[in-house]
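Here's a protein model to look at together.

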Amino acid sequence: MSCFGGDPNFCPECGNVLPLPGIQDVVRCPRCSFCIPVAEFSGLEIRSSVVFNPVEQSTLTLEDEGSSELKGAVIDRRCSRCNKEGMVYHTRQMRSADEGQTVFFTCINCRYQEKEDS
């Protein structure tokens, strides 16, 4: 009995993306090893596309780095460069979704930046 269903691109058991049918008589899910006979894919057309964001939307610009204010929560963390207390942080998912996020710290005194993988 399957939990998922409908789209032939995904495993009906775990929802993982299925590999394309090959020369074998079954398509095996790489995550849960669920097998689907290749005959079930007969007559289906599977398409995929990649859409990139325009560069204008993904580029962050600062007018003047000296006048721009740091935004975010100030935490009790000591800067490794100037040794003063107080840093602003933000997080970003840099690696795959099943791994922790990356935390970026910026000193409110000297604007030194550090990163930490969590």
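What follows is a set of questions and answers about a sheet and some salt bridges.

This is a predicted model, so local features need pLDDT of at least 70 and side-chain atom pairs count only at pLDDT 80 or more, while totals for chains, interfaces and linings use all residues. Residues are numbered from 1 along each chain as its sequence is written, and side-chain values use heavy atoms, with hydrogens and water left out.

Q: What makes β5 and β6 a pair of strands?
A: Two strands pair if DSSP finds at least two bridges between them. Here five bridges join β5 (residues 102–107) to β6, and the two run antiparallel, so the pair meets the rule. In one of these bridges, Thr102 has Asp117 of β6 as its partner. Strands themselves are DSSP runs (E, at least two residues), numbered from the N terminus.

Q: Why are β3 and β6 called edge strands?
A: The open sheet has four strands in the order β3-β4-β5-β6, with antiparallel pairing. β3 (74–78) and β6 (113–117) each pair on one side only. From one strand to the next, the twist averages 40°; the axes behind such angles are lines fitted to C-alpha atoms, and angles run from 0 to 180 degrees between N-to-C directions.

Q: How do you know that Glu114 forms a salt bridge with Arg77?
A: The term asks for a side-chain nitrogen of Lys or Arg within 4 Å of a carboxyl oxygen of Asp or Glu. For Glu114 and Arg77, the closest N and O atoms are 3.1 Å apart, so the pair qualifies. Glu114 lies in β6 and Arg77 in β3, so this contact ties together parts that are 37 residues apart in sequence.

Q: What makes Arg77, Glu114 and Glu116 a network?
A: Arg77 also forms a salt bridge with Glu116, at 3.3 Å between the closest N and O atoms. Arg77 is in β3 and Glu116 in β6, so that pair joins parts 39 residues apart in sequence. Salt bridges therefore link Arg77, Glu114 and Glu116.

Q: Why is Glu114 called buried?
A: Buried means under 20% relative accessible area, exposed over 50%, and partly exposed in between (1.4 Å probe, protein chains only). Glu114 has 14%, so it's buried. Arg77, at 23%, is partly exposed, and Glu116 is partly exposed at 35%.

Q: How many salt bridges does the structure hold?
A: Three. Among them is the one between Glu85 and Arg78, at 3.1 Å from N to O. Glu85 is partly exposed at 40% relative accessible area, and Arg78 is partly exposed at 46%.
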